[in-house]
Amino acid sequence: MPLLCEVAVPVPLARAFSYEVPPALAASVRPGARVLVEFGRKKVLGVVLATSEGDAPEGVRLKPITAVVDPEPVLPGELLSFLRELSSYYFAPIGEVLRLALPAVEREDVRALEAQGELPGTLSRVKQVGGRKIAYARPTDAVEEPGVLRGQAASALALLRANGEMPIARLEEKFGNARAAVKKLASLGLVVVEEREPPRDAFFARPEPKDEPPALNEAQAAAEARIEGALSEAKPAAFLLFGVTGSGKTEVYLRAIAGCLARGRGAIVMVPEIALTPQLVSRFRARFGDDLAVLHSGLSESDRHAMWKRVRTGAVRVAIGARSAIFAPVTNLGLVLVDEEHDGSFKQEEGVRYHARDMALLRAHRASAVAVLGSATPSLESVQLARQGKLVELRLPDRAHREATLPEVTTVDLRRIGPGPTGNKLVSLPLHRALEKSLAAGEQAILFLNRRGFAPSVVCESCGHVATCLSCSVALTFHRARGGRMRCHYCDWEGPMPAACAECKAPSLALEGLGTERLEETIAEAFPAARVARLDRDVADGAKAEAILAKMRAGEIDVLVGTQMVTKGHDLGNVTLVGVLNADAALSLPDFRASERGFQLLVQVAGRAGRRDRPGRVIIQTRNPAQPAVQFAMRHDVSAFLEHELADRAEVGYPPFSRLSLFRVDALDEDVARRAAGVIAAHAKTSPEGQSRVVEVLGPAAAPLARLRGRYRFRVLLRSKDRRALRAATQVAAAAIPEIDRRVRVVVDMDPVAM
Ligand code: ADP
Ligand code: ZN
């Protein structure tokens, strides 16, 4: 009987394809190995998913495999089956999912292989690309004419403006046609392209002296013992490590990894933003030496590939990175750690929309590895799993440094208490005085405001019109940098500030509200002797963020002003004051998770204060001090908040008390988009689960951000307590997609996070 094999090719089609294996190749075709196959008129690289003996279906002539590329599987079996499960759970094409797990070089298009003279025939291995120059694209200061850019060029430009310079190969992972897009942008003078050697990896720039593991405190020791125990079990438990900020969770991670390595197994460590956690990497290096794979976006394609190979061969057993580290080909995986598991960045919001925290549990489970999710403010999802006994909860109730206590938190009611000497409404008198005090004592302060730019809106004082983006339904933010310009924070459009109101033509435009740029300026003017710096997406990414944080640690900054970037797990010993400028802005998103997110932010940023012997102080400014998230944050009572929020969620029937799938529908034409969403909702309603109301179909409705990059957005939300029913109904609704107008884009988002 002929041997058949199922091959996933890197195309966005949901299914795999069958090929026949010629007898000469039968011995060398293995699941997880790459093969060269004819696909349409092209030759492409595919990954073997499975082989089976049998005949081709009646009347079908299967093409033979052209060549076997890998004698050994390029993906470990455990990882391959994990990818297949992920693909099916998220309704994501297996070819797309494989792209996440294979570096570009490993799935390089066939023409490159042919050019290397390695085809046709059986290839021993793909040549490695190394030590060569790579092309970077960098945004210039030039501004495009409104409306000249569309599609991938506009998206690529937005991404470059948000991130600064990026290797073109990185862009290609997001946009298939990035090279053409960059070429167009370069011809318009909007980006410049430069070829050069990639920089050496900043994470390993300085040598790191070996550290001496501290004696664990009682709670840490108990947590370590449980994890150690699990590492020896055949079907180990998964853990939720719930420890207050500064309680020594990282030390527990380090011990767990040591235990894992001692058993000859490997580990994956996921953190929200690797660029913001150089300190964590240093601690890992101090403990384990430099045999770590740090996977981050600053790596050149060849470094990334080299790193991937070292992990794949087992030369390196610990991989650290952001969400994509879940795809690291660690062999004999023993441990999967997720630090700050509540963080929203673990959800990928484009392409394959997976949740890395959920997938960490899945991959660990399938690999019989231990999973540890750690946080000071665990997600309601994880807390609920712990209550159901699916996660074992480990608690670290106290700060690890003997003298360090949790900071004192007070609120300032912005409705009653006026501005301090700066005159700015958002720098209240108590906050001003506290800043004075901390500066006088030679201590550091962090001011958190989740608004970038100078002023969040530009308003006409005579007619009240707010300047909004032409392509998105959001207000434009005024940025003072580069001569003063208005910018859209969603599509990154940027243009000059007009002299008059677009609506009533009156020359009475005023800047309203406070952004980090203006806050930095306000504080610097009010405290001329203070060294003030800012950390947000406009001034810093990756290496620049690290440099600012290093200055902060070295005591070269007195006041650090910034967005969410300042709330991440930085361990800064001399920070004694944290000011939250406007808690309401963080707590008022149109999302059922708004309160949970806002609370997490408040607790995380408050956790930056008083981490050593000096007591810390936190001031939260708000117009509604009575709201539960603020009240519970004041008392550092995470457990009580979780209790309260779980009760609220149970009442409204949102996750974790139900599951959701979201269809995101958008088109340039509003009616076209609305109609398409209607078709999907109708399909969902006719499914058996929809008819029996086991699955609720909510919508179609306009998305909270009704228009983005010129496209009108609608959504259909499916909700159910029954996971299988939700899946079935989602499948029925998804089956409608091929019938929908080609101008419409439809995306299925399982377990959506951004609403
Ligand atoms: P978390 O990850 O929970 O925020 P960290 O692991 O960063 O906490 O610990 C906070 C601080 O306490 C760090 O400076 C760390 O070195 C220190 N620390 C952790 N565990 C111990 C311990 N058992 N004894 C002394 N210091 C410790
Ligand atoms: Zn816009």
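A nonpolar core is a set of buried Ala, Val, Leu, Ile, Met, Phe, Trp, Tyr and Cys residues joined through C-beta atoms within 7 Å. Buried means that 20 or more other C-beta atoms lie within 10 Å of a residue's own; with 12 or fewer the residue is exposed, in between it is partly exposed, and C-beta atoms are placed from the backbone.

This model is predicted: local features need pLDDT of at least 70, side-chain atom pairs count only at pLDDT 80 or more, and totals for chains, interfaces and linings use all residues. Residues are numbered from 1 along each chain as its sequence is written, while chains are lettered from A and ligands numbered from 1 in the order in which they are written.

**The cores**

The largest nonpolar core has 182 residues. Those with the most contacts inside it include Ile268, Ala371 and Leu602. Helix α20 (residues 670-686) gives this core its largest share, 7 residues. Helices (H or I, at least four residues) and strands (E, at least two) are DSSP runs, numbered from the N terminus. Another core lies apart, with 17 residues, among them Ala137 and Val182.

**Strand β14 and its partners**

Ala371 belongs to β14 (370-375). In β14, 6 of 6 residues are buried. Val370, Val372 and Gly374 cover one side, and Ala371, Leu373 and Ser375 the other. Beyond four places in sequence, the contacts of Ala371 include Phe239, Val336 and Ala364. Here, contact means that two C-beta atoms, placed from the backbone, lie within 7 Å.

Strands pair if DSSP finds at least two bridges between them. The table lists four pairs.

| Strands | Sense | Bridges |
|---|---|---|
| β9 and β14 | parallel | 5 bridges |
| β13 and β14 | parallel | 5 bridges |
| β1 and β4 | antiparallel | 6 bridges |
| β1 and β2 | antiparallel | 5 bridges |

Val372 in β14 has Phe239 opposite. Leu337 also stands opposite Val372.

**Helix α12**

Helix α12 (residues 380-387) has buried residues Leu380, Ser382, Val383 and Leu385. They pack against β9, β14, α17 and α19. An α-helix has 3.6 residues a turn, so residues three or four places apart point the same way. After α12 comes Gly389, with a positive phi near 80°.

**Around ligand 1**

The shell around ligand 1 has 17 residues. A residue is near a molecule or strand if its C-beta atom, placed from the backbone, lies within 6 Å of it. Among the closest are Pro214, Lys249 and Ala400. Helix α8 (residues 249-262) gives the most to this shell, 3 residues. By class, the shell has 4 nonpolar, 10 polar and 3 charged residues. Ala, Val, Leu, Ile, Met, Phe, Trp, Tyr, Cys and Pro count as nonpolar, Asp, Glu, Lys and Arg as charged, and the others, Gly among them, as polar.

An unreviewed UniProt entry annotates Cys460, Cys463, Cys501 and Cys504 as "binding site". They are spread over 45 residues of sequence, yet they cluster in space, with a largest C-alpha distance of 8.5 Å. UniProt positions are given in the numbering used here, feature names are shortened, and annotations may be inferred rather than shown by experiment.

Cys460 lies in strand β18 (residues 457-460). Cys460 counts as buried because it has 20 C-beta neighbours inside 10 Å. Cys501 sits in the loop between β21 and β22. Cys501 is buried too, with 21 other C-beta atoms within 10 Å. Cys460 touches Cys501 and Cys504, among others. The contacts of Cys501 include Cys460 and Cys463.
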